[in-house]
Amino acid sequence: MLVDLRIQNYALIEQLELRPSALLNIITGETGAGKSIMLGAIGLLLGNRADSKLLFNTAHKCVIEGQFDISGYQLQDIFESEDLDYDAQCILRREISPAGKSRAFINDTPVTLETLRTIGANLMDIHSQHDTLLLGDAVFQLNLLDLYANLVPTRAQYGSSYRQYRKLEADLKTLEGQVAQANKELDYHSFLLSELEDARLDGEDQEALEQEIKQLEHAEEIKFKLTHALQALSEGEYCATGSLKEASQLLGQVAGFASGLRELKERLDSCLIELRDIAGEVEDTERRTEGDPIRIDELQSRLNVLYNLQRKHQVRDVDGLLLVRDELRRKVSSVLNLDKEIARLRKDTDGALATVTRQAAKLSEARQKSFPKFERELALLLVELGMPHSRIVVQHSAGQPAASGIDVVSILFTANKGAQPQTLSKAASGGEFSRLMLCIKYMLADKTALPTIVFDEIDTGISGEIAVKVGRMMQQMAQKHQLIAISHLPQMAAAGDAHYFVYKEDRADRTVSRIRLLSLDERIKEIAQMISGANPSQHAYQSARELLAMRGEELVG
């Protein structure tokens, strides 16, 4: 429950502190005094979006802090899931700088707004007029019915299975789309692959082919030059080998006269041996060199195949063609493998759908079993609140599996005897909506573990004895939940365990909003003014005392 609320520098609030009772707290005050402003500050504390324009003093930051006693509410797992240390005394704090920068803290640990919302949603429930309007929404109604029937865990289990099914279904559709596109390209890719496979590219040496065809195309020139080279080396009258041989003989004749001459002869002999080897290879090469038009055609044809493929696939060599071939093999193979993957995914999707269908049927059966009890209990509460002829019918139909199950529900209502129940948007007035919502909140009080519930003028459209009964109903709810209710009704004001009064204070420079806990005498005066205006009569004072006496207040005078 909320132990202490501090608001600083927000809208009309310069400094405000509220230490509410653990039971039913009533907040009253004139329209515009600041009650809704206080709710807005609580909303910021629970993670609503911030606006620096709402700062009371734009030179200072806004700070909103709430201390909660959460012992006994089993919230340890939620704190652990958010990676936060758990403490029975939990402090939420929100700061908004003049520049509009927002910071959030839980037990002095900086957190994101999403984390603040998650924790805050388990500490307080703010019921506003917006929630009353939501009562006409089918999804909102289904959520209420699930909460009433204690089906939230069952629905969560179904939701997990449904999300898994939808993921598999999406994956299957994506894969089927890929297969459809791949099949369009399969014939073309298969043709390209076949072309490359037929080219037998493995081990191909394009450079060697190009060198061989170059030699064959110039065979006559090569043979002619080799013949003349051979003449110069060993076969001509003045050939190189003959000249070296003669020089070696001359050096041999004088080698005995000096060691240096012997070394020169040895070196010359080595050159002669190398020259003879070269001449032998030239002779062999000349003998082998022959023009071969047939071989030239074969080589040219092979090279044309390679050149054409390289231009087609925009690569520069055989290695590039091999990479293209391997990629085409992968694409063609992947299309064939996709069929197997589709079959597997389709089987998994069918299995997931069967699980979803089974769980949805179980959830639907449990929901439908709870409808009669919900209708009877809500109708009885409405009788207590002055609608003796009201009827509640939960209209149900089944559809295809969706995020919340297969059930489509609509709560039908009539307050008039003999009239057919209709949808809430058609059948309920503003006051009836408020009473309906209060009764539903009352019914759900035992189903939830929220430490604090805030009601913003849920008593709209009611008065007199009905307002007294609403007050009693909220007193009963307050036995299990701390309640904070903003009200304009004296009957509601008298029902509170604690009564706070919000008012404006005019200063020389500006107006500020303040709140104070009323004493017994102050409560009597405030309730009397709520009954008859600014100058209440003695009768109004007496009525105020009687209203307070109905909740057991010990009055003096």
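Is Asp-85 buried or exposed? In this predicted model, Asp-85 has a relative accessibility of 69%, so Asp-85 counts as exposed. Its place is in the loop between α2 (76-81) and β5 (89-96). Asp-85 also belongs to a negative surface patch, together with Asp-77, Glu-80, Asp-83 and Asp-87.

The cysteines come next. The structure holds zero disulfides. For Cys-62, the nearest cysteine sulfur is that of Cys-90, 19 Å away, while a disulfide needs two sulfur atoms within 2.5 Å. Cys-62 is buried, with a relative accessible area of 1%. Cys-439 is buried too, at 0% relative accessibility.

Charged pairs are found in several helices. The count of salt bridges comes to 36. One of them joins Glu-114 and Arg-117, whose closest N and O atoms are 3.3 Å apart. Both residues lie in helix α3 (residues 113-121), three residues apart, which is about one turn of the helix. Arg-117 is partly exposed, at 31% relative accessibility.

Helix α6 (residues 152-198) holds a pair set four residues apart, Lys-167 and Asp-171. Their closest N and O atoms are 3.1 Å apart, and they form a salt bridge.

Another salt bridge links Lys-312 with Glu-195, at 2.9 Å between the closest N and O atoms. Lys-312 lies in helix α11 (residues 293-313) and Glu-195 in helix α6, so this pair ties together parts that are 117 residues apart in sequence. Lys-312 is partly exposed, with a relative accessible area of 41%, and Glu-195 is partly exposed at 27%. Salt bridges with shared partners also join Glu-197, Asp-202, Arg-325, Asp-326 and Arg-329 into one network.

Notes. Residues are numbered from 1 along each chain as its sequence is written. This is a predicted model: local features need pLDDT of at least 70, side-chain atom pairs count only at pLDDT 80 or more; totals for chains, interfaces and linings use all residues. Side-chain values use heavy atoms; hydrogens and water are left out. Patches are made of residues with over 30% relative accessible area and no salt bridge: like charges are joined within 9 Å, nonpolar side chains (Val, Leu, Ile, Met, Phe, Trp, Tyr) within 5 Å. Accessible areas come from the Shrake-Rupley method with a 1.4 Å probe; for residues, only the protein chains shown count as cover. A salt bridge is a side-chain nitrogen of Lys or Arg within 4 Å of a carboxyl oxygen of Asp or Glu. Lys and Arg count as positive and Asp and Glu as negative; His and the chain ends are not counted. The place of a charge is taken as NZ of Lys, CZ of Arg, CG of Asp or CD of Glu. Helices (H or I, at least four residues) and strands (E, at least two) are DSSP runs, numbered from the N terminus. Buried means under 20% relative accessible area, exposed over 50%, partly exposed in between (1.4 Å probe, protein chains only).
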